[in-house]
Protein chains: 2
Amino acid sequence: MDDDALSTADLLRALGNEHRLTILEWLADPRSHFPEQRDGDLVDDGVCVGFITDKIGLSQPTVTNHLQCLAKVGIVNSKRIKNWAFYKLAPERLQQLEAALSKVAATASRIQKSP
Amino acid sequence: MDDDALSTADLLRALGNEHRLTILEWLADPRSHFPEQRDGDLVDDGVCVGFITDKIGLSQPTVTNHLQCLAKVGIVNSKRIKNWAFYKLAPERLQQLEAALSKVAATASRIQKSP
DNA sequence: CTTCTATATAGTTATTTTGCTATTTAGGTA
DNA sequence: TACCTAAATAGCAAAATAACTATATAGAAG
């Protein structure tokens, strides 16, 4: 929606937290980190808040907050099934950020290597 | 020095600020953004604090603070010549971060594309 | 030796972030 | 209908961040 007013700094800030990075790594490969879910597939639908809460050792509202923070910048997407909320990683957004960093790094390398 | 206790989150947090990102882009290609310096080469030695301060429109101590923040995580290096402090981008660090993001994104893509 | 200049440090304040507990909401289930 | 269960929201406190002004420091210049 209001996706456009989103800066690279917003994205980086969303990733700049140990807990959120941990969650991100879990969501990148959910089957390696969580048991199967009754309603909703770990990979296709995402991971429910409860599983993440149990594993990370923070309160449920705090975890919801971290997930919403990631969702706001489009790094994860959420979906409701029954009364579960499933969060799933959006790799495109990460690749987008990767490209932005790559550009700066490449410019600097090019400039610094010049005669 | 105590470079090892540095997490990816620390790096991302350092980059997650509009002003610091702006400075980074300037430092990636200093000759496109700053006039030549009397003592110290823009590319080889880095850009002095004063130039950055003038261009960004923040107070000098605030700029020093941002630069030290970037230096602490190794994104820039600093060098003193006479009584100037020159800050220079370290592209390796950015590439390192890029690689870390790339890994997570690649894992997620691989997992999500599986049958 | 004094003065000037560039940067760093100290100290303060406002804002943002991160966490919590308590409560609300909304969808199932007995 | 009344009751669970999962997640979201509200409200609050502590800590971190980002900015400023004033001051200290260290090297150069006179």
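Tutor: What follows sets values from this structure against the definitions behind the words.
This is a predicted model, in which local features need pLDDT of at least 70, side-chain atom pairs count only at pLDDT 80 or more, and totals for chains, interfaces and linings use all residues. Residues are numbered from 1 along each chain as its sequence is written, chains are lettered from A and ligands numbered from 1 in the order in which they are written, and side-chain values use heavy atoms, with hydrogens and water left out.

Student: Which parts of the DNA strands lie within 4 Å of the protein?
Tutor: For DNA strand C, 73% of those atoms belong to sugar or phosphate, and the rest to bases. For DNA strand D, 75% belong to sugar or phosphate, and again the rest to bases.

Student: How do you know that B:Asn83 makes a polar contact with DNA strand C?
Tutor: A polar contact is a pair of N or O atoms within 3.5 Å; within protein, one must be able to donate a hydrogen and the other to accept it, and residues adjacent in sequence count only if both atoms are side-chain atoms. A polar side-chain atom of B:Asn83 is 2.9 Å from a base oxygen of DNA strand C, so the pair qualifies. The backbone takes part too: a polar backbone atom of B:Gly50 lies 2.9 Å from a phosphate oxygen of DNA strand C.

Student: Which atoms are involved at DNA strand D for A:Gln60 and A:Tyr87?
Tutor: A polar side-chain atom of A:Gln60 is 2.7 Å from a base nitrogen. A polar side-chain atom of A:Tyr87 is 3.1 Å from a phosphate oxygen.

Student: Why is the pair of B:Phe34 and B:Phe51 called stacked?
Tutor: Rings of Phe, Tyr and Trp (its six-membered ring) pair if their centres lie within 6.5 Å; planes under 30 degrees apart count as stacked, over 60 as edge-to-face and the rest as tilted. The centres of B:Phe34 and B:Phe51 are 6.3 Å apart and the planes are at 15 degrees, so the pair is stacked. B:Phe34 lies in the loop between α2 and β1 (47-48) of chain B and B:Phe51 in helix α3 of chain B, so the pair ties together parts 17 residues apart in sequence.

Student: What makes the pair of A:Trp26 and A:Phe34 edge-to-face?
Tutor: The angle between the planes is 90 degrees, with 5.8 Å centre to centre. Ring pairs also link A:Trp26, A:Phe34 and A:Phe51 into a cluster.

Student: Is B:Phe34 buried or exposed? And what does B:Phe51 count as?
Tutor: Buried means under 20% relative accessible area, exposed over 50%, partly exposed in between (1.4 Å probe, protein chains only). B:Phe34 has 7% relative accessibility, so B:Phe34 is buried. B:Phe51 has 24%, so B:Phe51 is partly exposed.

Student: How do you know that B:Ser7 is buried?
Tutor: Its relative accessible area is 19%, so B:Ser7 falls under the limit. The side chain of B:Ser7 makes a polar contact of 2.8 Å with the side chain of A:Glu18.

Student: What makes the charged end of B:Lys55 sit over a ring?
Tutor: NZ of Lys or CZ of Arg must be within 6 Å of the ring centre and within 35 degrees of the ring normal. The charged end of B:Lys55 sits over the ring of B:Phe34, 5.8 Å from its centre. In chain A, the charged end of A:Lys55 sits over the ring of A:Trp26, at 5.2 Å.

Student: How do you know that β2(B) and β3(B) pair?
Tutor: Two strands pair if DSSP finds at least two bridges between them. Six bridges join β2(B) to β3(B), and the two run antiparallel. B:Lys79 stands opposite B:Phe86 in β3(B). The open sheet has three strands in the order β1-β3-β2 (chain B).

How values were computed: Near = heavy atom within 4 Å. Helix = DSSP H or I, 4+ residues; strand = E, 2+ residues; numbered from the N terminus.
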